[in-house]
Amino acid sequence: MENKTILITGSTDGIGKITATELAKQGNTVIVHGRNKAKAEKVCEEIKATTGNNKVDYIIADLLSLADIKRMSEEFKTKYDHLDVLINNAGAFFGKVKETTNEGFEKTITLNLFAPFLLTQLLLPTLEKSRSARIINLYSAMHKNGGKPDFNNFQSEKVYATNKAYGLSKLYLIWTT
């Protein structure tokens, strides 16, 4: 895969950063997503220095905010005319106590399911401009630990357990994929 425009969420650390670096080595245009501008800028400079590829950019958004995801997708569309590959990599566990976003959604399902689903939907027109677009949703084997889905407790309204919330959010992501 060469000369593609690729957006990778959660790519300032871990697997996302490694993926961004490897794809940049291949000569692709890589857009690093992160929450922190200073960190994203630093990662972009590191990738450029490591790979010799100057086609590395960043975009900032808090994926726990659906409004910020919408803003990010609009920003992306003003900077890029198409998208070849969207890699929904960002994901996380949260604490032992249920936490909600400012918009009132449970954090685990927001980051691991709602964010990639919404971002994908908002960027579909940009992906459709590519001759061979790809959407890659990363998940983990933890989807097996979520247990049986309970749609009456979809956002842990009644009962919250960290592993169950994470596992089910990843299972639902597999289903949407």
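Biologist: In which helix is Lys-79 found?

Modeller: In this predicted model, Lys-79 belongs to helix H3, which covers residues 66-79.

Biologist: What makes Lys-79 partly exposed, rather than buried or exposed?

Modeller: The relative accessible area of Lys-79 is 43%. Buried requires under 20% and exposed over 50%, with partly exposed in between, so Lys-79 counts as partly exposed.

Biologist: Which residues does Lys-79 contact, leaving aside its neighbours within four places in sequence?

Modeller: With those neighbours left aside, Lys-79 is in contact with Asp-57 and Tyr-58. Thr-177 is 98 residues from Lys-79 in sequence, and their C-alpha atoms are 26 Å apart in space.

Biologist: Where is Ile-60 placed, and what does Ile-60 touch?

Modeller: Ile-60 is in strand E3, residues 56-60. Not counting residues up to four places away in sequence, Ile-60 touches Gly-34, Arg-35, Asn-36, Lys-37, Ala-40, Arg-71 and Met-72. From Ile-60 to Gly-91 there are 31 residues in sequence and 16 Å in space, C-alpha to C-alpha.

Biologist: Let us turn to the overall fold. How many helices and strands are there, and what pattern do they follow?

Modeller: The protein has 5 helices and 5 strands. Along the sequence they follow the pattern β-α-β-α-β-α-β-α-β-α.

Biologist: Why is the protein called as compact as a globular protein of that length?

Modeller: For 177 residues the globule rule gives 16 Å, and the radius of gyration of the protein is 16 Å, so the description as compact as a globular protein of that length applies. The C-alpha atoms fill a box of roughly 50 × 30 × 30 Å along the principal axes. Of the 177 residues, 47% count as buried. Among contacts with a separation of 6 or more, 69% are between residues 24 or more positions apart.

Biologist: What can be said of the surface and the charges?

Modeller: The accessible surface comes to about 9100 Å², with 53% of it belonging to carbon and sulfur atoms. There are 24 positive and 19 negative side chains, and the centres of the two sets lie 4 Å apart.

Biologist: How do you know whether Val-159 is buried or exposed?

Modeller: Val-159 also lies in the loop between E5 and H5. With a relative accessible area of 55%, against a limit of over 50%, Val-159 is therefore exposed. Its C-alpha atom is separated by 39 Å from that of Leu-83, 76 residues apart along the chain.

Biologist: How many aromatic pairs does a search of the whole structure find?

Modeller: The search finds 4 aromatic pairs. One of them is formed by Tyr-172 and Trp-175.

Biologist: What makes the pair of Tyr-172 and Trp-175 tilted?

Modeller: The centres are 5.5 Å apart, and the angle between the planes is 50°. Pairing requires centres within 6.5 Å; planes under 30 degrees apart are stacked and over 60 edge-to-face, so this pair is tilted. Both residues lie in helix H5 (residues 162-176), 3 residues apart, about one turn of the helix.

Biologist: Why is Tyr-172 counted as buried?

Modeller: Its relative accessibility is 4%, and buried means under 20%, so Tyr-172 counts as buried.

Note on methods. Residues numbered from 1 in each chain as written. Predicted model: local features only at pLDDT ≥ 70, side-chain atom pairs only at ≥ 80, totals over all residues. Heavy atoms only, no water. Helix = DSSP H or I, 4+ residues; strand = E, 2+ residues; numbered from the N terminus. Rg over C-alpha atoms; globule rule 2.2 N^0.38 Å. Buried < 20%, exposed > 50% of the residue type's maximum accessible area, 1.4 Å probe, protein only. Contact = heavy atoms within 4.5 Å. Areas by Shrake-Rupley, 256 points an atom, 1.4 Å probe, with all protein chains shown as cover. Lys, Arg positive; Asp, Glu negative; His and termini not counted. Charge placed at Lys NZ, Arg CZ, Asp CG, Glu CD. Phe/Tyr/Trp six-rings, centres within 6.5 Å; stacked < 30°, edge-to-face > 60°.
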